[in-house]
Amino acid sequence: MAVSVFRMTLLMGFFMGFVMVGLVTSAKFDELFQPSWAFDHLIYEGEQLKLKLDNASGSGFQSKSKYLFGKVNIQIKLVEGDSAGTVTAFYMSSEGPNHNEFDFEFLGNTTGEPYLIQTNVYVNGVGNREQRLNLWFDPTKDFHNYSIFWNPRQVIFLVDDTVVRQHSNLEHKGIPFPKDQPMGVYSSIWNADDWATQGGRIKTDWSHAPFIASYQGFQIDACESPASSVSAADLTKKCTSSGENKYWWDEPALSELNLHQSHQLLWVKANHMVYDYCSDNSRFPVTPEECQHHHH
């Protein structure tokens, strides 16, 4: 019990322990999001939303606003049974060819095989930073929290408040960092059987359709970008702490992982990571520059 209370206190301190400016936050889908395609494949059941994939179409939704810095959280229950060939995605992205993007992609499986989570980070239109991990629970049996936290110093991916990936700001090493483009929040389900399951060897079995991903607990606690266009410098100024505004995500304590979170990430890497682009010598004969400076 003492360990649980200690862990909870740490996590609450990480995300909620600062009495500062409160921004956009909600648990209702239609206050934050809207359907983006295949409206007839979105199913509303009270506080829950379901995305449907069949051989006619997938489906998706997106946030009504764009954001720079903060935390986004969605509870998802993934497709049950044989989900091979399908991908359910939860991600943030800006617009344009030089966009920034943070991805959670849940790669479907054959019955009895573990779901894989693929994360990726795009900076100025360049991705190829994939990591894959399996999970310490069955993500199809209940809802679990999937979160993205980011500020000018780091991006963190979390599963049930456990850190599974960190991407740090290494601009002092000449490496670009995604901190100047507001991003929308998106989720979708689609058929990707050309690559999603065992490299595309296992195809989607449409006799098991429709494939359903379920959502609830929609939360965004982040700096909302004005609808009218503003310069990157003005937006960054608006969304970082100053004498007038104090934002919880900008606290010095959130410049890096604390000791508990560092241990979480080490545990994930040791027990659940199955692929890391930093270690893929066949794809990258020269180790990517950010991999040379820190492990993330």
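**Close-up 1. Ser93 and the residues around it.** Ser93 is part of strand β6, which covers residues 86-93; strands here are DSSP runs of E with at least two residues, helices are runs of H or I with at least four, and both are numbered from the N terminus. This is a predicted model, where local features need pLDDT of at least 70 and side-chain atom pairs count only at pLDDT 80 or more, while totals for chains, interfaces and linings use all residues. Residues are numbered from 1 along each chain as its sequence is written, and side-chain values use heavy atoms, with hydrogens and water left out. Is Ser93 buried or exposed? With 8% relative accessibility, Ser93 counts as buried (under 20% relative accessible area; exposed is over 50% and partly exposed is in between, using a 1.4 Å probe and protein chains only). Leaving aside residues up to four places away in sequence, Ser93 touches His99, Asn100, Glu101, Met183, Gly184 and Tyr186 (a contact means heavy atoms within 4.5 Å).

**Close-up 2. The disulfide of Cys223 and Cys239.** Here the two sulfur atoms sit 2.2 Å apart, and a disulfide is a pair of cysteine sulfur atoms within 2.5 Å. Cys223 belongs to strand β14 (residues 211-224) and Cys239 to helix α3 (residues 232-239), so this link ties together parts that are 16 residues apart in sequence.

**Close-up 3. The disulfide of Cys278 and Cys291.** In this pair, the sulfur atoms of Cys278 and Cys291 are 1.9 Å apart. Cys278 is in the loop between β15 (273-276) and α5 (289-293), and Cys291 is in helix α5 itself, so the bond joins parts 13 residues apart in sequence. The S-S torsion is about -70°, so this disulfide is left-handed. Cys278 and Cys291 are both buried. The count of disulfides comes to 2, and with the bonded cysteines numbered in sequence order, the pairing reads 1-2, 3-4.

**Close-up 4. The second largest pocket.** About 190 Å³ of space lies in this pocket. Which residues lie nearest its centre? They are Asn109, Glu113, Tyr115, Asp138 and Thr140, out of 14 lining residues. The lining of the second largest pocket splits into 5 nonpolar, 5 polar and 4 charged residues (Ala, Val, Leu, Ile, Met, Phe, Trp, Tyr, Cys and Pro are nonpolar; Asp, Glu, Lys and Arg are charged; the others, Gly among them, are polar). On a 1 Å grid over the protein atoms alone, a pocket is an open set of points where a 1.4 Å probe fits, with protein on both sides within 12 Å along at least five of seven lines, and lining residues have an atom within 4 Å of a point.

Key
Grid points are joined across faces, edges and corners, and a volume is the space filled by probe spheres set on the points.
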